[in-house]
Amino acid sequence: ADEITVLELLEPIERPADVADMADWMGISRELEPHLMWIAKLAVLESLPEGWEEGVDDGGKPIFRQTGTDGAVTYDHPGDAAFQVLLQRERRKRVPYLSIQQCVFDTPMVHFRNEFLEDGTELRIQVLPNSGEWMDF
């Protein structure tokens, strides 16, 4: 089996919607299984194996034709089965813990600084994190 490299995952996609379409076709839930989207991206990037060519049937649907002796024709990409096996293997693994949870993006961080006036009155002042007014550790 080929190794999957980080460089392959960083390869730009001409149409990001293709990855979303592939995820839908493979049955990957973008909301519940975002950690598996890399498989859909690799499936989009996958080129045809040697001895195969892409074409269209009489109705305009994409087909894949094996060049050579038998000339087998299929509507499924020859690599689809391997990606389905990979998907099932990855689904059996434990779901990774996301170090940055969605709630971090939904709820902006707010910090307060307490200052005291000369008469002893306490002021609670809102400050922006990482603005030089507050140190985050």
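Modeller: Let's begin with a term. A residue counts as buried when its relative accessible area is under 20%. Keep in mind that this is a predicted model.

Biologist: What share of the residues in the chain is buried?

Modeller: Buried residues make up 20% of the chain, which has 137 residues.

Biologist: And how many helices and strands are there?

Modeller: Five helices and five strands. Along the sequence, the pattern reads α-α-α-β-β-β-α-α-β-β.

Biologist: How much accessible surface does the chain have?

Modeller: About 10,900 Å². Carbon and sulfur atoms account for 55% of that surface.

Biologist: Now the core. Which residues in the largest nonpolar core touch the most other members?

Modeller: Met-26, Ile-28, Ile-39, Ala-40, Phe-83 and Leu-87, out of 14 residues in that core. Helix H2 (16-26), helix H3 (37-45) and H4 each supply at least two residues of the core. H3 gives the most, with five residues.

Biologist: What does Leu-87 contact, leaving aside its neighbours within four places in sequence?

Modeller: Met-26, Ile-28, Leu-36 and Ile-39. As a general point, nonpolar side chains in soluble globular proteins tend to be buried together.

Biologist: Let's switch to the sheet. What is the strand order in the open sheet of three strands?

Modeller: The order is S1-S2-S3, and the pairing is antiparallel. Strand S1 (52-56) and strand S3 (73-74) stand at the edges. Each has a single partner strand, so one side of each is left without a neighbour in the sheet.

Biologist: How many bridges join S1 and S2?

Modeller: Five, with S2 covering residues 62-66. Val-56 stands opposite Pro-62 in S2.

Biologist: What about the hairpin of S1 and S2?

Modeller: It has five residues between the strands. In that hairpin, Gly-60 takes a positive phi near 90 degrees.

Biologist: On to charges. How many salt bridges does the structure hold?

Modeller: Five. One of them joins the side chains of Glu-33 and Arg-91, at 2.9 Å from N to O. Glu-33 lies in the loop between H2 and H3, and Arg-91 lies in helix H4, so the pair ties together parts 58 residues apart in sequence.

Biologist: Is Glu-33 buried or exposed?

Modeller: Buried, with a relative accessible area of 15%. Arg-91 is partly exposed, at 32%.

Biologist: Which residue does Glu-53 form a salt bridge with?

Modeller: Arg-65, with the closest N and O atoms 3.5 Å apart. Glu-53 is in strand S1 and Arg-65 is in strand S2, so this pair ties together parts 12 residues apart in sequence. Glu-53 is partly exposed at 36% relative accessibility, and Arg-65 is partly exposed at 31%.

Biologist: Last stop, Glu-90. Where is it found?

Modeller: Glu-90 is in helix H4, which spans residues 80-91. Why does Glu-90 count as buried? Because its relative accessibility is 11%, and the cut-off for buried is under 20%.

Biologist: Which residues are linked with Glu-90 in a network of salt bridges?

Modeller: Arg-89 and Lys-93. The side chains of Glu-90 and Lys-93 meet at 3.0 Å, N to O. A polar contact of 3.0 Å also joins the side chains of Glu-90 and Arg-89. Lys-93 is partly exposed, at 46% relative accessibility.

Biologist: What else does Glu-90 contact, beyond neighbours within four places in sequence?

Modeller: Leu-36, Trp-38 and Ile-39.

Definitions and conventions
Residues numbered from 1 in each chain as written. Predicted model: local features only at pLDDT ≥ 70, side-chain atom pairs only at ≥ 80, totals over all residues. Heavy atoms only, no water. Helix = DSSP H or I, 4+ residues; strand = E, 2+ residues; numbered from the N terminus. Polar contact = N/O pair within 3.5 Å; in protein donor to acceptor, adjacent residues only side chain to side chain. Contact = heavy atoms within 4.5 Å. Pairing = 2+ DSSP bridges. Buried < 20%, exposed > 50% of the residue type's maximum accessible area, 1.4 Å probe, protein only. Areas by Shrake-Rupley, 256 points an atom, 1.4 Å probe, with all protein chains shown as cover. Core = buried A, V, L, I, M, F, W, Y, C linked by side-chain atoms within 4.5 Å. Salt bridge = Lys/Arg side-chain N within 4 Å of Asp/Glu carboxyl O.
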